[in-house]
Amino acid sequence: MADDEKINRGAKLQDIVEKIRAERFPQVSRDLMLAMLQLHAEADRPENLSRKVDEALAAADKEAG
Amino acid sequence: MLHLKSLEVTNFGPFKGKQRVELADDAGVSIFYGENMRGKTSLLNAIRFALFGTVLGRGRRNTPFGKLINIEAQSEGERNFEVSLELSHAGGDYRLTRMGKPIPGQADDYIATAYLERGGHILSPEQMAMELERILPKDIARFFLFDGELLQEYEDLLHGDSNMGPSISAAIERILGLPKLTGARDSAKAATDRAETALALAAQGDQKTREFGNQLQNLAAEREVLTADLSRLEQELEALRGKKAAIEDDMRRRERLTTLIDKRDRLLADLEKAEVQLAQSSAKLTLAMAPAWAALIRPRLTSAVQQLRLREESLQTAVTRAQVLHSLAHGQDPTCPTCLRALNAGDQETLRNRANEAKEDGGEANQRELATVRRRLDALESQLAVSNPEALRILWSGHEALSNNIYAIKAEIEEIGRNLLEGSEAELRGLRRDYDSVVRQMVVVEDGSAKTQDALQQNNTYRENIQRRLAKLAGSEMDKERRRRDRANSVYELFKAAVDVYREELRKRVEADASKFFREMTTESDYTGLSINESYGLTILHRTQGPIAIRSAGAEHVVALSLVAALQNNAPLRGPIFIDSPFGRLDGGHRKRIIATLPKMADQIVLLVYEDELPTKLARETLAGDLRSEWTLERVTALHTRIANR
């Protein structure tokens with residue numbers, strides 16, 4: 001299978017989450033959703049995950065004012 | 001994408017000395033040909049050893065490292081063995097080397113050490129562990145390195161009561177990338193809990209809300225304990241499920257042994273019954289044998305009876321005759337019983353004289369003798385009756401049949417005993433005991449888990465109740481924490497919903513792709529595809545009859561290969577597939593179609609086969625331009641195999 005097809009499949013996961021966010025959870029920002037996905041990408045999961053998640057939530061709080 | 005560039009083995013298994021295999025950079029299929037006992041499985045294990053530091057023996061048991069060194073090399077003084085892989089992954093070049101060496105002072109116990117180079121630099125052990133987990137996580141290795149035995153396990157996905165099924169389902173979701181979503185969901189849940197604790201603390205800081213804050217904090221503390229308990233119980237349950245699956249697996253492999261033991265137990269019961277019957281038959285024979293001596297004189301008895309019968313007849317005639325004469329000689333107006341002529345006085349006188357003569361001739365003596373003859377006849381005939389050799393023969397024959405049956409049963413029990421290896425029966429009985437014990441423990445843990453879940457549910461209800469009341473009492477610090485909690489909870493709900501939707505999406509994709517591969521691989525045109533269940537178990541669909549409930553081992557392989565191909569097609573992580581003896585249970589038609597489909601399953605396929613399983617000509621014709629390289633595992637000695645390029 002070509003690599004771009006794999007990228008599409010990866011993108012599809014993000015699309016599914018985005019669709020649910022936009023329809024049912026608009027109070028969650030797209031940036032926060034993407035940050036959560038990025039933090040939980042299997043290969044790049046940080047060691048201090050909890051702190052990074054709290055930071056992403058704090059950043060979202062700040063942005064929301 | 002992971003690509004294996006080379007494999008180097010030194011004194012590993014049957015591979016004596018240093019031997020190196022370079023694999024093509026281009027996508028395609030490489031084939032290693034080797035007859036039985038030449039080292040195909042060892043080659044697969046060499047890769048497993050290098051990547052994960054484990055080696056699977058028969059029955060999926062880990063093999064001790066001390067057993068991996070080449071025996072010939074060891075006898076010549078070598079002490080260490082080594083496997084080295086050159087890999088490329090995500091644009092990086094890696095060299096992974098793992099070696100086994102004896103623990104000092106314990107020649108039979110080996111230890112394995114490894115190092116990983118990336119771009120020529122050796123990584124620290126922690127970095128190595130992280131990189132290897134990224135390159136190929138061990139729990140999804142089953143989709144890259146497998147044999148027929150492992151393919152057979154996918155059938156467990158169809159059975160709800162199987163313990164292997166959930167762990168395979170988890171591995172499937174892992175390779176499909178679901179942990180990205182489940183991880184985000186679980187992190188958001190943990191963040192919600194933390195935010196709630198912060199909210200409780202904020203509430204404690206305000207006089208109006210202090211009591212609610214205290215209660216919330218207590219409930220949060222309780223929830224923490226309950227969650228930890230639940231997690232521990234789930235881990236325990238998981239471990240028990242694994243143990244149960246391993247015991248079931250072990251018991252399945254010893255199925256023949258189980259059958260033999262059951263058969264022997266049945267035979268022992270039969271033997272007991274037969275011995276009781278034999279004892280009863282012996283008692284009957286003893287009784288029947290008491291007068292058996294009479295059988296020896298039976299011919300003489302028979303002859304005596306015959307003579308006595310003749311004598312009885314002649315005596316009876318004489319006695320009857322005398323009685324008739326007497327009645328004619330002394331009767332009133334007698335008539336001849338033969339000619340019915342009336343007798344006159346002269347005739348009667350003559351008859352009286354004759355009767356007197358007959359009396360003198362012994363008429364009374366005849367009567368006495370007749371009585372004696374009859375008594376003797378009675379005695380002789382009763383003797384003849386008890387000395388019946390035919391009845392005795394029937395009894396003997398039944399007794400002999402019973403004895404022979406007992407010999408046959410004993411011989412069969414003895415034969416089974418020879419087949420039951422020493423200790424194997426005790427081991428099996430031990431396994432059954434362990435199985436029962438694990439099942440009992442599972443019931444207890446499941447019960448504990450259910451109770452803890454109830455308690456958590458109750459805790460949740462109390463918390464929601466307090467939070468509702470707290471929400472009415474505004475405070476700036478509390479508002480901030482409440483917003484954080486609500487946001488974290490929304491993120492949690494978002495990813496929770498996404499997990500469900502994506503899981504369903506994955507199932508549909510796997511079903512569609514597996515069906516496509518299945519149709520390409522099977523020769524049965526009436527099978528239209530595969531249907532997937534909640535656990536990713538696949539069932540064959542017939543054109544008109546729908547799901548096919550039972551399938552053969554060969555069909556199981558085709559379905560399992562379709563699943564592996566579909567997973568590879570949908571996985572974010574792709575890599576080489578190594579298959580050990582994959583065609584043993586497949587007919588020529590299926591074999592050919594599967595070989596033709598292999599290049600579509602993954603970019604790099606390595607087959608470990610024997611010549612009869614995949615003839616060179618068939619492989620070359622079918623794979624044509626997709627065939628990258630061919631190797632032979634050549635016998636040098638029984639303990640030494642050379643890998644030769646064809």
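Predicted model: local features only at pLDDT ≥ 70, side-chain atom pairs only at ≥ 80, totals over all residues.
Biologist: Which residues make the contact?

Modeller: From H3(A): Leu49(A), Ser50(A), Val53(A), Asp54(A) and Leu57(A). H6(B) answers with Ser187(B), Ala191(B) and Arg194(B). By class, that is four nonpolar, two polar and two charged residues.

Biologist: Zoom out to the interface. How many residues of chain B are in contact with chain A?

Modeller: 34 residues of chain B, facing 32 residues of chain A. The two chains bury about 3,000 Å² between them. Carbon and sulfur atoms account for 62% of that.

Biologist: Which three residues supply more of chain B's buried area than any other three?

Modeller: Lys180(B), Arg487(B) and Leu494(B). Together they supply 22% of the area that chain B buries against chain A.

Biologist: And salt bridges across the interface, how many?

Modeller: The rule finds four between chain B and chain A. Arg487(B) shows up again here: its side chain meets that of Asp61(A) in a salt bridge, 2.5 Å from N to O.

Biologist: How many salt bridges over all chains?

Modeller: The structure holds 51. One of them pairs Arg30(A) with Glu18(A), at 3.4 Å, N to O.

Biologist: Where do Arg30(A) and Glu18(A) lie?

Modeller: Arg30(A) lies in helix H2 of chain A, residues 30–39. Glu18(A) is in helix H1 of chain A, residues 3–24. So the pair ties together parts twelve residues apart in sequence.

Biologist: Switch to chain B. At what angle do H9 and H11 pack?

Modeller: About 150°, with their axes 9 Å apart. H9(B) covers residues 298–330 and H11(B) residues 363–386. The two are therefore roughly antiparallel. H9(B) passes H11(B) in a left-handed crossing. Their contact has twelve nonpolar, six polar and eight charged residues.

Biologist: What about H8 and H13 of chain B?

Modeller: H8(B), residues 255–289, packs against H13(B), residues 424–471, at about 100°. Their axes are 11 Å apart. That angle makes H8(B) roughly perpendicular to H13(B).

Biologist: Who's touching whom there?

Modeller: On H8(B): Leu257(B), Thr258(B), Ile261(B), Asp262(B), Arg264(B) and Asp265(B). On H13(B): Ser424(B), Glu425(B), Leu428(B), Arg429(B) and Arg432(B). The class count is three nonpolar, two polar and six charged.

Conventions
Residues numbered from 1 in each chain as written. Chains lettered and ligands numbered in written order. Heavy atoms only, no water. Axes fitted to C-alpha atoms, helices over the stretch in contact; angles between N-to-C directions. Helix = DSSP H or I, 4+ residues; strand = E, 2+ residues; numbered from the N terminus. Parallel < 35°, antiparallel > 145°, perpendicular 65-115°, else oblique. Left-handed = near helix turned anticlockwise from the far one by under 90°. Nonpolar A, V, L, I, M, F, W, Y, C, P; charged D, E, K, R; others polar. Contact = heavy atoms within 4.5 Å. Buried area = accessible area lost by both parts, 1.4 Å probe.
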